[in-house]
Amino acid sequence: MIRLAVLADLHANLEATLAVHADVQRRGISEIWVLGDLVGKGPRPREVVEWTQTYATRVIQGNWDARVAGATHRPQDLWPRSQLTPGQLAYLAGLPYGIEEQFGGAWWRFVHASSKGLFHRLYPHSSLAEQLDAFAPNPQFALYQHADALVYADVHETLMLDVEGRPLINTGSVGNPLDSTLPSYLILEFDPQGPAHTASFVRLTYDRAAEITVAEASGMPFTREYIAELLTGAYQKRRARTGE
């Protein structure tokens, strides 16, 4: 079997990333694909980028990766940017938009947010027309195939739908899950001799207290919101505060 561990939205959470990596190793999976958002939100962007460069087989760019590399200049972009080396920033800026690979005669597409752009969001409740459109080619981003299956990330919620016969799968988030307090990643298995595939999610615990301790000492912006998300699995809006 061809086995892929598909990770996404690590968000500079090193403790969760290492816990997932240990589980992947325990299962004997050597192919690790990362669908973007290595950085942003969490306290250890440099270490998570280093981990990705060392262990990931394939990596694509997420919206936070683009922002931190220079696309925008919000406080939550500037702090991780200051923690990264010039080489790491160039690495994030140069990551490809997506991956298209053929498994078992079917074209599988892997993107971060959607097939329309890094900042275009595909929600679980998006309309059928929007979901179907996500499988269409988009040469602007080097997506040339009409995909038979789509794997994406960005919304931090695991998802597995059948869209008129085409699998639509969201990996969930390793470092910042917003449908649970437990990190998730996706295992894909393909039969090299035929068209069969299986897809399953893995949830696991990690040393969340250690991650919170590092966040509290980091000096990064929006620490309170980050910790609240780790503790509750609920999204916290981030608004710049003055006088603090």
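Q: Which residues of α2 do Leu 14, Thr 17, Leu 18 and His 21 in α1 meet?
A: This is a predicted model, and contact here means heavy atoms within 4.5 Å. By class, the α1 with α2 contact has five nonpolar, two polar and one charged residues. On the α1 side sit Leu 14, Thr 17, Leu 18 and His 21, and their partners in α2 are Glu 47, Val 48, Trp 51 and Tyr 55.

Q: Are α1 and α2 roughly parallel or roughly antiparallel to each other?
A: Helix α1 covers residues 14–26 and packs on α2 at an angle of about 25°, with the axes 9 Å apart. Angles under 35 degrees count as roughly parallel. So α1 and α2 come out as roughly parallel.

Q: Is the crossing of α1 and α2 left-handed or right-handed?
A: The angle between these two helices is about 25°. As for its sense, α1 passes α2 in a crossing that is left-handed.

Q: Which residues of α5 make the contact with α2?
A: Helix α5 spans residues 86–93, and its axis comes within 11 Å of the α2 axis, crossing at roughly 60°. That crossing is left-handed. From α2 come Arg 46, Val 49, Glu 50, Thr 52 and Gln 53, and from α5 come Gln 88, Tyr 91 and Leu 92.

Q: How many charged residues does the contact of α2 with α5 have?
A: Arg 46 and Glu 50 of α2 are among the residues making this contact, and Arg and Glu count as charged. Next to three nonpolar and three polar residues, the number of charged ones is two.

Q: Is Gly 40 buried or exposed?
A: You'll find Gly 40 in the loop between β2 (31–34) and α2 (45–55). Leaving out residues up to four places away in sequence, Gly 40 touches His 11, Ala 12 and Trp 64. Buried means under 20% relative accessible area. Gly 40 has 1% relative accessibility, so it counts as buried.

Q: How far apart in space are Gly 40 and Asn 63, C-alpha to C-alpha?
A: Along the sequence, Gly 40 and Asn 63 are 23 residues apart. In space, their C-alpha to C-alpha distance is 9.5 Å.

Q: Does Glu 211 count as buried or exposed?
A: Glu 211 lies in helix α7, residues 208–218. Beyond residues up to four places away in sequence, Glu 211 touches several others, including Ala 12, Leu 14, Arg 44 and Tyr 226. With 0% relative accessibility, Glu 211 counts as buried.

Methods. Residues are numbered from 1 along each chain as its sequence is written. This is a predicted model: local features need pLDDT of at least 70, side-chain atom pairs count only at pLDDT 80 or more; totals for chains, interfaces and linings use all residues. Side-chain values use heavy atoms; hydrogens and water are left out. Helices (H or I, at least four residues) and strands (E, at least two) are DSSP runs, numbered from the N terminus. Buried means under 20% relative accessible area, exposed over 50%, partly exposed in between (1.4 Å probe, protein chains only). Axes are lines fitted to C-alpha atoms, for helices over the stretch in contact, and angles run from 0 to 180 degrees between N-to-C directions. Angles under 35 degrees count as roughly parallel, over 145 as roughly antiparallel, 65 to 115 as roughly perpendicular and the rest as oblique. A crossing is left-handed if the near helix is turned anticlockwise from the far one by less than a right angle, and right-handed if clockwise.
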